[in-house]
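Thanks for making time. I have one structure to go through, and I will keep to what can be read from the coordinates.

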Amino acid sequence: LVICVIRVQEISSCSFGNDLNKLTSSMQTGFIMNTVNPSQCPGNATRWHLCYYRSTTDNSATAYLAVYRPAPNGTQYSLVSGSSFSYSIPSNENSYTCSYFAIPQSQQFVVQQGDLIAACVPGGMSRARIVANTSGSQTAQLYTGTPAITCGSPLPSTIMQSSFVAASITLHVSLDINECAVNNGGCNQTCVDTPVGYYCSCNSTGYQLASDMKNCTKIATTLFSVTITSTATVPSAVAITTTATTVSTTAARKA
């Protein structure tokens, strides 16, 4: 009996940050936090994505990016980790580009569900802007508290939530995370990280993914018993005759 098992591989989405849409010509400087698109699941931060466009004649710029965690009491954000990146900017002021910055394994940090991405965009200096105003949408909030935050390393370790105001800004930054690095992604057996999320699979023979696409359940097997019967029929018109032959021998006895 041969049992064939098909393992279904379902990708689980785990986004963090804003979709990297085409930038507009409008710009915003200052400390900006994406409060609308928090992390959807935990994992190790592996790569930054950011889109930007040229604002001056400089050939390079520095971005200050960070992840903050809301406090349980809802009063402040705490710094999880911050990074600064130097990058080349387009030669045309109206053009934009997107870049990816891998985080060295020794500097990777754990992101939790609900964490937020922040960026500090220097003002009054020649810098490439990584934030653009978008009419009618709001994906980030602008810091207006005191004292002012200077864009540099390190960024503030804590920031009061009351220091932010709603603004129609789109923060064009996102973060790749390896969901499998934390609790095996919640997978019962095997967790496979992908650029857009992750999926669970079953590596044990005789198991398949359950409906939750995380747990592996044993495949129920049914044994079939087959009986083969052979019947021989003798036609009634055929007679079977047995003949016995007796041979007599007479011996003459001489007187």
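Start with Asn184, which is partly exposed because its relative accessible area is 29%, and the cut-offs are under 20% for buried and over 50% for exposed. Keep in mind throughout that this is a predicted model. Asn184 sits in the loop between S14 and S15. Its phi is near 55°, a positive value in a residue other than glycine.

Asn183 belongs to the loop between S14 and S15. Asn183 also has a positive phi, about 55°, and is not a glycine. Is Asn183 buried or exposed? Its relative accessibility is 66%, so Asn183 counts as exposed. As background, most residues other than glycine have a negative phi, and most peptide bonds are trans.

The one from Thr146 to Pro147 is cis, with omega near 0°. Pro147 lies in the loop between strand S10, residues 140-143, and strand S11, residues 158-160.

What does the side chain of Tyr143 reach in Pro147? It reaches the backbone oxygen of Pro147, at 2.8 Å. Tyr143 itself is in strand S10. With 14% relative accessibility, Tyr143 counts as buried, since buried means under 20%. Setting aside residues up to four places away in sequence, Tyr143 touches Phe31, Ala148, Ile149, Ile159, Ser163 and Phe164. Ser162 is 19 residues from Tyr143 in sequence, and the two C-alpha atoms are 9.0 Å apart in space.

Now the chain as a whole. How many helices and strands does the chain have? There are zero helices and 18 strands. The chain has 255 residues, and buried residues make up 38% of them. Take the contacts between residues at least 6 apart in sequence: 76% of these join residues at least 24 apart. The chain exposes about 15,200 Å², and carbon and sulfur atoms supply 49% of that area.

Next, the largest pocket. Its volume is about 380 Å³. The lining of the largest pocket consists of 21 residues, and those nearest its centre are Cys14, Leu175, Asp176, Pro195 and Val196. Which strands each supply at least two residues of that lining? They are strand S3, residues 43-53, strand S14, residues 173-178, and strand S15, residues 190-194. The largest share comes from S14, with four residues. If you sort the lining by class, you get seven nonpolar, nine polar and five charged residues.

Asp176 and Thr194 are 18 residues apart in sequence, and their C-alpha atoms are 9.6 Å apart in space. Thr194 is in strand S15. The relative accessibility of Thr194 is 15%, so Thr194 counts as buried.

From strand S3 I picked out His49. His49 is buried, as its relative accessible area is 10%. Which side chain makes a polar contact with the side chain of His49? The partner is the side chain of Arg47, at 3.4 Å.

Asp115 counts as buried because its relative accessibility is 1%. What does the side chain of Asp115 reach? It reaches the backbone nitrogen of Gln112, at 2.8 Å. If we leave out neighbours within four places in sequence, the contacts of Asp115 are Phe16, Pro38, Ser39, Val67, Tyr68, Arg69, Pro70, Val80 and Val110.

Definitions and conventions. Residues are numbered from 1 along each chain as its sequence is written. This is a predicted model: local features need pLDDT of at least 70, side-chain atom pairs count only at pLDDT 80 or more; totals for chains, interfaces and linings use all residues. Side-chain values use heavy atoms; hydrogens and water are left out. Buried means under 20% relative accessible area, exposed over 50%, partly exposed in between (1.4 Å probe, protein chains only). A polar contact is a pair of N or O atoms within 3.5 Å; within protein, one must be able to donate a hydrogen and the other to accept it, and residues adjacent in sequence count only if both atoms are side-chain atoms. Contact means heavy atoms within 4.5 Å. On a 1 Å grid over the protein atoms alone, a cavity is a set of points where a 1.4 Å probe fits but cannot get out, and a pocket is an open set with protein on both sides within 12 Å along at least five of seven lines; lining residues have an atom within 4 Å of a point. Grid points are joined across faces, edges and corners, and a volume is the space filled by probe spheres set on the points. Ala, Val, Leu, Ile, Met, Phe, Trp, Tyr, Cys and Pro count as nonpolar, Asp, Glu, Lys and Arg as charged, and the others, Gly among them, as polar. Accessible areas come from the Shrake-Rupley method with a 1.4 Å probe; for residues, only the protein chains shown count as cover.
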